[in-house]
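Subject: Structure for you to look at

Hello,

Here is the structure I said I would pass on. Please open it alongside this message; my notes follow below.

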Amino acid sequence: MESPVESLSASAPSWGAKMAFGEAVTVGGREVIPAALVIFGFGGGGGSGKWPGAGSVPQGEGEGSGGGGGGYVLPIGAYVGGPNGLRFRPNLVALTIVSVPLVSAAGWAIARIVTAVKSGRAMT
């Protein structure tokens with residue numbers, strides 16, 4: 001019997017672009033192809049062996065395996081067909097949410113640089 005990790009590993013190469021781009025649909029006479037940022041990961045492990053004897057605890061044997069995974073899909077926009085061909089139309093709500101950590105980190109970095117320059121010390 002194939003383990004869950006082996007099963008996931010075998011199917012992962014077939015996911016590719018079909019997870020990031022949805023099926024084309026026609027909305028209001030225009031072709032729309034949804035696009036998303038897809039992130040996923042999985043892992044697993046296994047073990048086997050004997051526990052060393054320690055005091056009143058009898059010697060045992062162990063065997064085990066486990067696995068897990070997760071994923072995240074963020075709809076970033078869609079390609080919309082028009083008279084000039086396909087154009088990307090971003091999902092502004094999703095892009096705003098994704099940009100918050102980046103903007104926060106940039107603000108923090110700029111504040112540290114300004115503080116270091118004002119105090120006249122070298123940045124380390």
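The chain holds three helices and four strands.

On confidence, the mean pLDDT of the chain is 81, with 77% of its residues at 70 or more. Strand β4 (residues 85-90) has the highest confidence, at 92. Helix α1 (residues 4-11) has the lowest, at a mean of 68. Where pLDDT is low, the predicted coordinates should not be read in detail.

For the chain as a whole, 11% of the 124 residues count as buried. The accessible surface is about 9600 Å², and carbon and sulfur atoms account for 63% of that. If you take the contacts between residues at least 6 apart in sequence, 45% of them join residues at least 24 apart.

Helix α3

Helix α3 covers residues 92-119, 28 residues in total. From its first C-alpha to its last it reaches 39 Å, which is close to the 40 Å expected at 1.5 Å a residue. The helix does have a kink of about 35° at Ser-99, shortly before the proline Pro-101. Just after α3 comes Gly-120, with a positive phi of about 75°.

An unreviewed UniProt entry annotates residues 92-114 as "transmembrane region". In the model that span is 100% helix and 0% strand. Its end C-alpha atoms lie 31 Å apart.

Ala-35

The other place I looked at is Ala-35, in strand β2 (residues 30-50). Is Ala-35 buried or exposed? Its relative accessible area is 6%, and the cut-off for buried is under 20%, so Ala-35 counts as buried.

Which residues is Ala-35 in contact with, leaving aside its neighbours within four places in sequence? Ala-20 and Phe-21 are among them. The list also includes Leu-74, Pro-75, Ile-76, Gly-77, Ala-78 and Tyr-79, and it has Phe-88 as well. Arg-89 is 54 residues away from Ala-35 in sequence, and their C-alpha atoms are 9.6 Å apart in space.

Regards

Technical notes:
Residues numbered from 1 in each chain as written. Predicted model: local features only at pLDDT ≥ 70, side-chain atom pairs only at ≥ 80, totals over all residues. Heavy atoms only, no water. Helix = DSSP H or I, 4+ residues; strand = E, 2+ residues; numbered from the N terminus. Buried < 20%, exposed > 50% of the residue type's maximum accessible area, 1.4 Å probe, protein only. Contact = heavy atoms within 4.5 Å. Areas by Shrake-Rupley, 256 points an atom, 1.4 Å probe, with all protein chains shown as cover. UniProt positions renumbered as here; feature names shortened; annotations may be inferred. Expected span 1.5 Å × (residues − 1). Bend = angle between axes of the 7 residues up to and from the residue. pLDDT = per-residue confidence, 0-100.
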